[in-house]
Amino acid sequence: MKEHHYAVTINWTGNTGEGTASYTAYQRDFTVQSPGKAPVLGSADPAFRGNAERWNPEDMLLASIGACHKLWYLHLCAVNQVSVLDYVDHPVGRMVEGDGQRKGHFKEVELRPQVLISRESDIDLALRLHDDAHHECFIANSVNFPISCKALINYQV
């Protein structure tokens, strides 16, 4: 079994001088850093007093799911002679703050990739490879909520 290890630094930058003296005394801003990479500016969702101009953990989860699926999909297309020319996804997720059984959690995520393939590619295979990508995705295999994929695939004009 292969193992991979990841490490980042999350640095809270929201102390306005009083620390967490009260719920409104501090900002939710933070940076995520990893050696050799540009920092990610983060905060809480604005619904939780966060900065709307920064990434929040929910955004990052959605982006991670979509990016992992895309990377697996492109790999599977490459090894199955499906030539992808363009790929754009607009994933959406639904989170609830509590449903009586659990605290806040994601209920579902829907990926909505729009894929452009070459005329020589098999469009049916291109569509089926989304299912394979879902089963391979490390992030999808790590979450406890359903992820669906509503892909739209077109041929290059």
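Colleague: Which way do β1 and strand β2 run, and how many bridges join them?

Modeller: They run antiparallel, and four bridges join β1 to β2, which covers residues 30-33. Keep in mind that this is a predicted model.

Colleague: OK. What is the bridge partner of Ile10 in β2?

Modeller: Ile10 has Val32 as its partner there.

Colleague: And what is the strand order in that open sheet?

Modeller: β1-β2-β3, three strands with antiparallel pairing. The edges are β1 (9-12) and β3 (40-42), each pairing on one side only.

Colleague: How are neighbouring strands of this sheet turned against each other on average?

Modeller: By 25°, with direction ignored.

Colleague: Switching topic: what is the order in the sheet with β7?

Modeller: That open sheet goes β4-β7-β9, again three strands, and the pairing is mixed. Here the edge strands are β4 (84-88) and β9 (152-155), and each of them pairs on one side only. From one strand to the next, the twist averages 15°.

Colleague: In which sense do β7 and β9 pair?

Modeller: Parallel, over four bridges, with β7 spanning residues 114-117. Val115 stands opposite Ile153 of β9.

Colleague: Nice. Which strands does helix α1 touch where it packs on the sheet?

Modeller: Helix α1 (residues 57-79) touches β4, β7 and β9, and its direction makes about 165° with that of β4.

Colleague: And what about helix α2, which strands does that one touch?

Modeller: Helix α2, residues 123-136, packs on the sheet too, touching β4, β7 and β9. Its direction makes about 155° with that of β9.

Technical notes:
Residues are numbered from 1 along each chain as its sequence is written. This is a predicted model: local features need pLDDT of at least 70, side-chain atom pairs count only at pLDDT 80 or more; totals for chains, interfaces and linings use all residues. Side-chain values use heavy atoms; hydrogens and water are left out. Two strands pair if DSSP finds at least two bridges between them. Helices (H or I, at least four residues) and strands (E, at least two) are DSSP runs, numbered from the N terminus. Axes are lines fitted to C-alpha atoms, for helices over the stretch in contact, and angles run from 0 to 180 degrees between N-to-C directions. Contact means heavy atoms within 4.5 Å.
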